[in-house]
Amino acid sequence: MSKKRYDLPPLDFIQGFEAAARHLSFTRAARELFLTQSAVSRQIKTLEEALETHLFERRHRSLALTDDGRAFYDMSVEVLNRVQQSIDQMKRRRATNQLAVTTTTGFASLWLIPRLNRFTRTRPEIEVRIVANDRTLNLDRSLIDVAIRYMPANAVPPDAETLFGEAIQPVCSPALVADNAAPLRRPEDLKSHTLLHLDYGPAHKTWYDWGTWLTSFGLDDLRPAGTLHFTRYDQMIQAAIAGQGVALGLSPLIDEQIRTGQLVAAFEKIAPSSKAYVLMLARAAAGRPEVAAFCDWLREEAREEAREGNAAAPAAGQRPSR
C-alpha cells in the first residue's frame with residue numbers, strides 16, 4: 001500500500017491558526033472566520049496534537065505564541081499567501097476580457113470616468129470595473145489589473161510609469177466672479193468669500209493648504225466670509241462648481257471643468273506640486289491584451305492632456321480655450 005506523499009493537517013485548521021496567531025485571540029479569529037470560538041479552539045487543539053507541540057501559551061485572559069508557534073505562523077503566512085495568489089491568478093485568467101482599475105476617488109470621478117467612454121466606444125468587448133479607493137490596495141489580492149496611483153514624484157518605483165505631474169491654483173465658478181456685490185479680482189477679495197478646504201492631513205503647510213496660499217500673498221491675517229470642509233476632493237470641486245466658494249484646484253483633475261467653463265482660475269498664481277499620477281500593473285496582468293489596450297489608451301489621454309497645456313487655467317474673467 002502506497003504512502004501518502006504529504007501528511008498535512010487540513011487547510012482550514014492552518015487558516016484558523018493563522019487568524020488566531022495574528023489576533024492572539026480565539027474570539028477575534030472566530031469572528032473573522034465566521035466560526036464559533038469553541039470551533040477555533042478545537043481546531044488549534046487538534047492541530048497541536050497532530051504536530052505534537054504547543055503552538056500557544058494559554059495565559060489568564062491572553063494568548064502568546066510559543067517558539068514553535070512563531071515558526072509555524074511564519075510558514076503558515078507564506079503558504080497561505082502563495083495559495084491565495086495562485087487562486088487569484090486562476091480567477092483572473094477565467095475572467096477574460098474583464099479589466100479592473102483602481103485609483104483615488106477624486107481622479108476616478110473627475111478625470112477617468114468622464115473620459116472612459118472614449119475607450120469603451122472603441123473596445124466595447126472589454127468590460128471595465130472601476131475600484132475607486134483612497135487606500136492603497138494590494139493589486140493581486142484584490143483581483144485588480146491596473147492602478148493609477150497618486151504619490152510623490154520622487155518616490156515612483158522602477159516598475160511604475162509616470163502619466164503626468166500636478167499643479168495647484170485657486171478656482172471657482174464663473175458666477176462667483178461675476179457677482180458685483182462681492183468682487184473677486186485680487187487675493188484680498190477672498191475676505192468676502194467662502195474658502196473650501198480639503199481635510200487632508202499631509203496638506204498642512206503645503207500648497208494644498210489655504211494657509212500656505214494666503215501666507216504667500218502676505219495675507220496671514222485674512223479671515224474669509226466662511227469655510228466649508230470636505231473629506232473627498234471631488235465633493236469639494238462640485239461645491240466650487242455650484243458657486244459655494246473658492247477651492248484649490250489640482251490640475252489635471254480640474255482641467256475638463258476649466259475647458260468647459262464650469263470653473264475659472266481666481267488668480268494667475270500657479271504652484272507646482274510634488275505629487276504625480278503613475279501607472280502600475282499587477283504581476284498577473286502583464287501580457288494580457290485587454291490590459292495593454294487600456295494602458296495604451298491611458299497613455300494617449302495623458303499625452304493629449306499635456307498637448308493641450310492645461311496646467312495654467314485661464315484667469316477669472318477670461319474665456320477658457322477649447
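**Notebook: pockets in the predicted model**

I looked up which elements line the second largest pocket: helix 1 (11–23), helix 2 (26–33) and helix 4 (67–94) each supply at least two residues. I record here that the model is a predicted one.

Within that lining, I find that helix 4 gives the most, with six residues. I read a volume of about 360 Å³ for the second largest pocket. I then listed its lining, which has 13 residues, and noted those closest to the centre: Gln15, Glu18, Leu80, Gln84 and Arg141. Sorted by class, I have six nonpolar, three polar and four charged residues in the lining of the second largest pocket.

**The largest pocket**

I find 26 residues in its lining; Thr104, Thr105, Asp134, Tyr150 and Tyr200 are the closest to the centre of the largest pocket. I also asked which elements give two or more residues to this lining.

Strand 5 provides the largest share of the lining of the largest pocket, and I record four residues from it. By class, I list twelve nonpolar, eight polar and six charged residues for the lining of the largest pocket.

**Entry on both pockets**

I set the leading contributors side by side: helix 4 for the second largest pocket, and strand 5 for the largest pocket.

Definitions and conventions:
Residues are numbered from 1 along each chain as its sequence is written. This is a predicted model: local features need pLDDT of at least 70, side-chain atom pairs count only at pLDDT 80 or more; totals for chains, interfaces and linings use all residues. Side-chain values use heavy atoms; hydrogens and water are left out. On a 1 Å grid over the protein atoms alone, a cavity is a set of points where a 1.4 Å probe fits but cannot get out, and a pocket is an open set with protein on both sides within 12 Å along at least five of seven lines; lining residues have an atom within 4 Å of a point. Ala, Val, Leu, Ile, Met, Phe, Trp, Tyr, Cys and Pro count as nonpolar, Asp, Glu, Lys and Arg as charged, and the others, Gly among them, as polar. Grid points are joined across faces, edges and corners, and a volume is the space filled by probe spheres set on the points.
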